[in-house]
Amino acid sequence: MSAVTDRLPVFPWDKLEPYKATAAAHPDGIVDLSVGTPVDPVPELIRRALVDAADSPGYPTVWGTVALRDALTGWVERRLGARDVAHTNVLPVVGSKELVAWLPTQLGLGAGDKVAYPRLAYPTYEVGARLCGAEPVAYDDVTDLDPAGLKLLWLNSPSNPTGQVLGADELRTAVAWAREHGVLVFSDECYLELGWEAEPVSVLHPDICGGTYEGIVAVHSLSKRSNLAGYRAAFLAGDADVLGDLLLIRKHGGMMTPAPVQAATVAALGDDTHVAEQRARYAARRAALRSALEAHGFRVEHSEASLYLWVTRDEPCWKTVGHLAELGILVAPGDFYGPAGERFVRVAFTATDERVAAAVKRLA
């Protein structure tokens, strides 16, 4: 094995390929509910902003244009309830997955350091720790963690994969514990605008952070709320000192959001109408799939937010994956997100209305 393969786990999605082939063989074609990738059109006002900025022959800046930083600070205050957000409190990034994977490296972490993340979690938190040689640590309760050597604490609310939303008390406790022990908090809030049965709150809200951003940074993405996964548009908001260090590193590394994407981000963050319209599409798909899965014998747990239903038939997840593949439906096995998910599957409702209807019919 190479040094790289020794450091990193097997890329999980490769294991799903045989089941994808089975589902694709269905006479009416595959219904792919395994990945949370948007399928609906990019809103016209965003595409127009991208096109209008297409004549951008020069290099963009890592920190972004003044217009972009104004859009980021304005949205953080308006949507998250944060106060007194300055340009030094925001930083655009080239998609949130890139940030998650390379953040521990950019923070200078390595052997002897620890990175903590929820026991059921997006696998890239662990990958980011392994890439820099740090120790990945999964947790159920932040306050049960051993703070020795712990340098970075990931929160994720709403959760991928479970859709669980952390309440204000839980977030306050986590932030207070991390500050007490000198641990930097990064809160992945990429699904914050997709709450269904709960209203997600940001760590940047004054009720959570106490009006200071010291030691906390929130991660946000336009992929889900604006159908911009293909644009790689995301940003950070929070501690100015931490973001200042990351800005310098990213300048040296040439990590620049393309100028047309910066312009598109300004347009996207300035418009709430398209977000409400997309939420309505997802709400209808979620309701249809939830009813069909429950009628088919599944139990839904958490799933109060995000773009997924976290479901189980109280059997090994790969058995469930195989069962649904025979129906032409592809889902993600829960053990992709940690051993605690071994009896669950994650069902995305990021499919067209026609494909969702096909899934509902097959489940019936």
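Contact here means heavy atoms within 4.5 Å. The model is predicted.

**Ser-96 and its surroundings**

Ser-96 belongs to helix α5, residues 96-106. Its relative accessible area is 15%, so Ser-96 is buried, the cut-off being under 20%. Beyond its neighbours within four places in sequence, Ser-96 is in contact with Cys-190, Val-219, Ser-221, Arg-232 and Ala-234. The phi of Arg-232 is near 55°, a positive value in a residue other than glycine.

**Nonpolar cores**

Nonpolar side chains tend to be buried together in soluble globular proteins. In this model the largest nonpolar core has 66 residues. Leu-33, Trp-154, Phe-186 and Leu-236 have the most contacts inside that core. Not counting residues up to four places away in sequence, Phe-186 touches Leu-99, Leu-103, Leu-152, Leu-153, Trp-154, Leu-155, Val-217, Val-219, Leu-236, Val-242 and Leu-246. Another core, of 46 residues, lies apart from the largest one. Its members include Ala-178, Ile-216, Leu-222 and Leu-269.

**Helix α11 and Gln-278**

Helix α11 covers residues 273-295. It has 23 residues and reaches 34 Å from its first C-alpha to its last. That is close to the 33 Å expected at 1.5 Å a residue. Buried residues of α11 include His-274, Val-275, Tyr-282, Arg-285 and Leu-289. Among the elements that cover the buried residues of α11 are α3 (44-52), α10 (259-269), β9 (299-301) and α13 (353-363). Just after the helix, Gly-297 takes a positive phi of about 105°.

Gln-278 lies in α11. At 2% relative accessibility, Gln-278 counts as buried because the value is under 20%. Its side chain and that of Asp-40 are joined by a polar contact of 2.7 Å. Leaving aside neighbours within four places in sequence, Gln-278 is in contact with Asp-40, Lys-224, Arg-225, Asn-227 and Arg-285.

**A helix pair**

Helix α2 (residues 17-24) packs with helix α12 (residues 317-326) at an angle of about 25°, with their axes 7 Å apart. Angles under 35 degrees count as roughly parallel, so α2 is roughly parallel to α12. In α2, Tyr-19, Thr-22 and Ala-23 meet Trp-318, Val-321, Gly-322, Ala-325 and Glu-326 in α12.

**Loop residues**

| Residue | Relative accessibility | Class |
|---|---|---|
| His-181 | 31% | partly exposed |
| Ala-148 | 45% | partly exposed |
| Arg-232 | 31% | partly exposed |
| Ser-303 | 0% | buried |

His-181 is placed in the loop between α7 (168-180) and β6 (184-188). His-181 and Val-127 are 54 residues apart in sequence and 24 Å apart in space, C-alpha to C-alpha. Ala-148 lies in the loop between β4 (135-139) and β5 (150-156).

Ser-303 is found in the loop between β9 and β10. Although not a glycine, Ser-303 has a positive phi of about 65°. Pro-158 lies in the loop between β5 and α7. The peptide bond from Ser-157 to Pro-158 is cis, with omega near -5°.

Terms used
Residues are numbered from 1 along each chain as its sequence is written. This is a predicted model: local features need pLDDT of at least 70, side-chain atom pairs count only at pLDDT 80 or more; totals for chains, interfaces and linings use all residues. Side-chain values use heavy atoms; hydrogens and water are left out. Helices (H or I, at least four residues) and strands (E, at least two) are DSSP runs, numbered from the N terminus. Buried means under 20% relative accessible area, exposed over 50%, partly exposed in between (1.4 Å probe, protein chains only). A polar contact is a pair of N or O atoms within 3.5 Å; within protein, one must be able to donate a hydrogen and the other to accept it, and residues adjacent in sequence count only if both atoms are side-chain atoms. The expected span of a helix is 1.5 Å times one less than its number of residues. A nonpolar core is a set of buried Ala, Val, Leu, Ile, Met, Phe, Trp, Tyr and Cys residues joined through side-chain atoms within 4.5 Å. Axes are lines fitted to C-alpha atoms, for helices over the stretch in contact, and angles run from 0 to 180 degrees between N-to-C directions. Angles under 35 degrees count as roughly parallel, over 145 as roughly antiparallel, 65 to 115 as roughly perpendicular and the rest as oblique.
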